[in-house]
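Here are my notes on the model, in numbered points. Please read them with the structure open.

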Amino acid sequence: MPKITFPDGNIKEFATAISGAEIAESISKSLAKAAIAIELNGELKDLSFVIEEDSVIKIITPESIDGLDILRHDAAHIMAQAVNELFPNTQATIGPVIENGFFYDFARDIPFTPSDLEVIEEKMREIVKRNDKIERRTMSRQEAIEFFTSLNEPYKVEIIKVLPENEEISVYFQGNFADLCRGPHAPTTGRLKAFKLTKVAGAYWRGDSKNQQLQRIYGTAWATTEQLQEYLIRMEEAEKRDHRKLGKEMGLFHFQEEAPGAVFWHPKGWTLFQQLIGYMRAVQNNCGYVEINTPSIMDYSLWQTSGHAEKFGANMFTAYAGEDDRVYAVKPMNCPGGVQVFKQGTISYRDLPLRMAEFGKVNRYEPSGALHGLLRVREFTQDDAHIFCTEEQINEECLAMCRLVLQIYADFGFTEVRVKFSDRPEQRIGDDSIWDKAENALIHAIEGANLEYTLNPGEGAFYGPKIEFVLRDAIGRDWQLGTIQVDFNLPERFDIGYIAADGKKHRPVMLHRAIFGSLERFTGILLEQYSGKLPLWLAPTQVVVASITNEVDDYAKEVAAALKQIGCRAELDLDGDKINYKIRKHSLLKVPMMLILGKKEQETSTISLRRLGSDTQEILALADFIAKLGDAMASPTGEHREF
Ligand SMILES: [Zn+2]
Ligand SMILES: [Zn+2]
């Protein structure tokens, strides 16, 4: 007679063993209809699971994150079933749930085409309509191997062979399709309502390029058609904002095969990049930082000392040259360089906290498949800083950084910021008392800055806890940017110290922080955040001065010169083109302001101002415009800093 406890604390007693579906039914018809699984004593199970003992139960519907994941996994199975029915000589490999959807990797000699996707999607709808029962069966290892061998599914057999000995092997059946799967799944295929296949891409068996090439079909699935529609619109919007497309249209940068994952910045892109550096430099100056610069190529031994060679060696570029038989590394991180600067001379406790910033260019090997425009590169510039401080100063420094980070993100239009906090892992160095101190400092800082956080238990580095900042952009996407890490390890490894008030040498703590993270990546995110329509202070070209007729060229030159005088990035367009053509051209380049000059403007010393995206013009006296522009193009730096 199982006693069932519900999330609201209610308890119901049943006379006999009972399934999840029956419990849902006993609550309400509508819940039974919506239910797709249960959470039993913290573990997800099928609705058909029979409960014999006292348990805590939660009915799972697609409205919850767990429910949606189950639905997405149903969709992956239904897709594999559809492929199986349509293309019988295809082998299924793995089909997990991913953010917003699912994929399945198939082995097939002939590539899937976009029209194949349509046919597969149509077949999936048919399977949903059939409302096939989804049933779980367990098998012994030997039975399972024989079963999938008989289905000609060698990849499944390979997966079974490497499953841990004691793992229960379960197979889910629907119609004439079967898949090796832990589950749980919805009770029937009819529960899947809102889905769409999105694309097909190449993949490798077990993610290894030495293995057989597979074809990965991606799809998205949602609890309701409305949610699906919203998602598809968001994707369409994201495509329009794609920074790679905008970068080309606006002439900002390019990539080429000879330098995979490294950016060729064009003058306009580099101007934007320099604006970001200038902004951060000004902020750092206000906050008591000093700036340093350290070599890109240094002896490999430094990385052995730091521990990067051991942990990170596979991602490091090495260098050799001439007759020199030393091995060098192209730096993947700035920390060891910063430590070398700290080590010069004697540092007193009065010098701490020492906040040392570096716009350091680093190189890290990423597989070519992972590269993605500016968002994932091999060579990038960090707005890195290392704060050397005493244990007592960790608290205050972390709080100051958290506040600073929020102000900086707000300056770029990001106001929704969350934090991920990763605390001590099992394998770690340092006393628990220091970890307590460091973790408390970070928590205190997060709370002091009024930030919401989620805990990643045990996910900190072996040398210290960390926080990571996650921003939500204008179309609801999340980006992980900055980090703050507390580090007791590097000071130890490099044996650095400061002279404390007691006249003895003490070990400082190192705080690593980056706010933009990678400037290249941040530039990409900014382009997408603003759809390329950058705020005036960031725009590579702020104002274009365009003449309607060449008769006013001299006046146009005079206006442009006056703008440059106040530091405005102004450009002249004296081409013989029609003015409407010029407007279109500079709109595509996303120039925030155009001054349209004709005879009337020349005679009255005025300008016609046309803002990006507007189809009207305002007439202003040139002197008034220049006065207003000066304020409008100022960077937000330092205006509202508390420091
Ligand atoms: Zn599965
Ligand atoms: Zn560092």
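1. **A turn in the sheet.** Arg-472 stands opposite Asp-478 in β27. The two strands here are β26 (residues 466-472) and β27 (residues 478-487), which pair in the antiparallel sense over six bridges. Strands are DSSP runs of E, at least two residues long, and helices are runs of H or I, at least four long; both are numbered from the N terminus. Two strands pair if DSSP finds at least two bridges between them.

2. **What kind of model this is.** This is a predicted model: local features need pLDDT of at least 70, side-chain atom pairs count only at pLDDT 80 or more, and totals for chains, interfaces and linings use all residues. Residues are numbered from 1 along each chain as its sequence is written, while chains are lettered from A and ligands numbered from 1 in the order in which they are written.

3. **The eight-stranded sheet.** β26 and β27 belong to an open sheet of eight strands. The order is β18-β22-β23-β30-β27-β26-β24-β25, and the pairing is mixed. At the edges are β18 (290-291) and β25 (452-456), each pairing on one side only. Helix α12 (residues 335-343) lies across β22 (354-363), β23 (379-389) and β30 (509-518). Its direction makes about 140° with β22. Such angles run from 0 to 180 degrees between N-to-C directions, and axes are lines fitted to C-alpha atoms, for helices over the stretch in contact.

4. **A helix pair.** Helix α13 (residues 394-411) and helix α14 (residues 432-448) have axes that come within 8 Å and cross at roughly 35°. By class, the contact has 10 nonpolar, three polar and one charged residues. Ala, Val, Leu, Ile, Met, Phe, Trp, Tyr, Cys and Pro count as nonpolar, Asp, Glu, Lys and Arg as charged, and the others, Gly among them, as polar.

5. **The three-stranded sheet.** Three strands form an open, antiparallel sheet in the order β11-β12-β13. β11 and β13 are the edges, each with a single partner strand, so one side of each has no neighbour in the sheet. The twist averages 25° from one strand to the next. Six bridges join β11 (residues 134-139) to β12 (residues 169-174). Four bridges join β12 to β13 (residues 177-180).

6. **Partners across that sheet.** Which residue in β12 stands opposite Arg-136? Tyr-172 does. On the β13 side, the bridge partner of Tyr-172 is Asp-179. Gln-174 is bridged to Phe-177 in β13. Helix α3 (residues 65-86) packs on the sheet, touching β12 and β13, and makes about 130° with the direction of β13. The hairpin of β12 and β13 has two residues between the strands, and Gly-175 there takes a positive phi near 55°.

7. **Tyr-204.** This residue is in strand β14 (residues 194-204). The cut-offs are 20 or more other C-beta atoms within 10 Å for buried, 12 or fewer for exposed, and partly exposed in between, with C-beta atoms placed from the backbone. Leaving aside neighbours within four places in sequence, Tyr-204 contacts Ser-209, Asn-211, Gln-213 and Leu-214.

8. **Leu-612.** Leu-612 sits in the loop between β34 (606-611) and β35 (618-621). Leu-612 is partly exposed, with 18 other C-beta atoms within 10 Å. Not counting residues up to four places away in sequence, Leu-612 touches Lys-533, Ser-587, Lys-590, Val-591 and Pro-592.

9. **The whole chain.** The protein chain has 20 helices and 35 strands. Of its 643 residues, 35% count as buried. The chain is divided into domain 1 (3-60), domain 2 (67-240), domain 3 (253-294 + 334-415 + 482-529) and domain 4 (543-632); these bounds come from an automatic or database domain assignment. The C-alpha centres of domain 1 and domain 4 lie 69 Å apart.

Technical notes
Contact = placed C-beta atoms within 7 Å.
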